[in-house]
Amino acid sequence: MDLQETRNLIACCIRARLPQRVLIVDDSSTVRSVVRKVLQASRCKFEVEEAGDGSAAIELAKKQRFDIVFLDCQMPGIDGFATHNVLKAAHPDMKVVMMTGTHDHRIEDRARKEGAKDFLFKPFFAKDIDAVLNRLFGLALTLMI
């Protein structure tokens, strides 16, 4: 194993052991519950907060820092794109995963162009969230569900 591989392995172990703060923002309590359950079943440690709309997400982000945000694109009031802009302005290093139930790749393209690190189309499954986390943190997560 060379020096870079060793560094990568150590960084992976650190990410796996340190809790990551996650905010789930969706107007559907069912979607929030699914994401929460997948995160709780992970070998990694996640401290999870939820918000039912963009305004609540912005208020939570004023009080605490989040490492990753799962954010619905289409919500009443402040939509996901406007919420994303406010959150990223306050916390540029935050990783945002945008989600939508509308199967239109133009929405995904817009989200990525505006800085989303990843994207999920609803309905999604535990393995889809697992794949997103693996891409975001470079971890091979094992889910129990």
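What follows is a working chat about a predicted model of one protein chain.

Biologist: How many helices and strands does the chain have?

Modeller: There are 6 helices and 5 strands. Keep in mind that this is a predicted model.

Biologist: What pattern does the chain follow along the sequence?

Modeller: It reads α-β-α-β-α-β-α-β-α-β-α. The radius of gyration is 15 Å, close to the 15 Å the globule rule gives for 145 residues, so the chain is as compact as a globular protein of that length.

Biologist: And what box do the C-alpha atoms fill?

Modeller: Roughly 50 × 30 × 30 Å, taken along the principal axes.

Biologist: What share of the residues counts as buried?

Modeller: 46% of the 145 residues count as buried. The chain exposes about 7,800 Å². Carbon and sulfur atoms supply 54% of that area.

Biologist: Contacts next. Among those between residues at least 6 apart in sequence, what share joins residues at least 24 apart?

Modeller: That share is 63%.

Biologist: How many positive and negative side chains are there?

Modeller: The chain has 22 positive and 20 negative ones. The centres of the two sets lie 4 Å apart.

Biologist: New topic, aromatics. How many aromatic pairs come out?

Modeller: The count is 1 aromatic pair. The partners are F119 and F121, with ring centres 4.9 Å apart.

Biologist: Why is that pair called edge-to-face?

Modeller: The ring planes of F119 and F121 stand at 65 degrees, so the pair is edge-to-face. The cut-off for that label is over 60 degrees.

Biologist: Are F119 and F121 buried or exposed?

Modeller: Both F119 and F121 are buried.

Biologist: Another loop, then. Where is D27 found?

Modeller: D27 sits in the loop between β1 (20-25) and α2 (29-40). D27 is partly exposed, at 40% relative accessible area.

Biologist: What does D27 touch, leaving out residues up to four places away in sequence?

Modeller: D27 touches R32, G52, D72, Q74, M75 and P76.

Biologist: Take M75 from that list. How many residues apart are D27 and M75 in sequence?

Modeller: They are 48 residues apart in sequence. In space, D27 and M75 are 6.0 Å apart, C-alpha to C-alpha.

Biologist: Now R36. Which helix holds R36?

Modeller: R36 is in helix α2. R36 is partly exposed, with a relative accessible area of 24%.

Biologist: Which residues is R36 in contact with, beyond its neighbours within four places?

Modeller: R36 is in contact with I24, V48, E49 and E50.

Biologist: What separates R36 from F70?

Modeller: Their C-alpha atoms are separated by 10 Å. R36 and F70 are 34 residues apart along the chain.

Biologist: On to E47. Which strand is E47 in?

Modeller: E47 lies in strand β2, residues 46-51. E47 is partly exposed, with a relative accessible area of 37%.

Biologist: What does E47 touch, not counting residues up to four places away in sequence?

Modeller: E47 touches P19, Q20, R21 and V22.

Biologist: What about the separation of E47 and G80?

Modeller: The C-alpha atoms of E47 and G80 are separated by 21 Å. Along the chain, E47 and G80 are 33 residues apart.

Biologist: Last one, Q4. Where does Q4 lie?

Modeller: Q4 is in helix α1, residues 3-17. Q4 is partly exposed, with a relative accessible area of 44%.

Biologist: And what separates Q4 from E50?

Modeller: The C-alpha atoms of Q4 and E50 are separated by 37 Å. The two residues, Q4 and E50, are 46 apart along the chain.

How values were computed:
Residues numbered from 1 in each chain as written. Predicted model: local features only at pLDDT ≥ 70, side-chain atom pairs only at ≥ 80, totals over all residues. Heavy atoms only, no water. Helix = DSSP H or I, 4+ residues; strand = E, 2+ residues; numbered from the N terminus. Rg over C-alpha atoms; globule rule 2.2 N^0.38 Å. Buried < 20%, exposed > 50% of the residue type's maximum accessible area, 1.4 Å probe, protein only. Contact = heavy atoms within 4.5 Å. Areas by Shrake-Rupley, 256 points an atom, 1.4 Å probe, with all protein chains shown as cover. Lys, Arg positive; Asp, Glu negative; His and termini not counted. Charge placed at Lys NZ, Arg CZ, Asp CG, Glu CD. Phe/Tyr/Trp six-rings, centres within 6.5 Å; stacked < 30°, edge-to-face > 60°.
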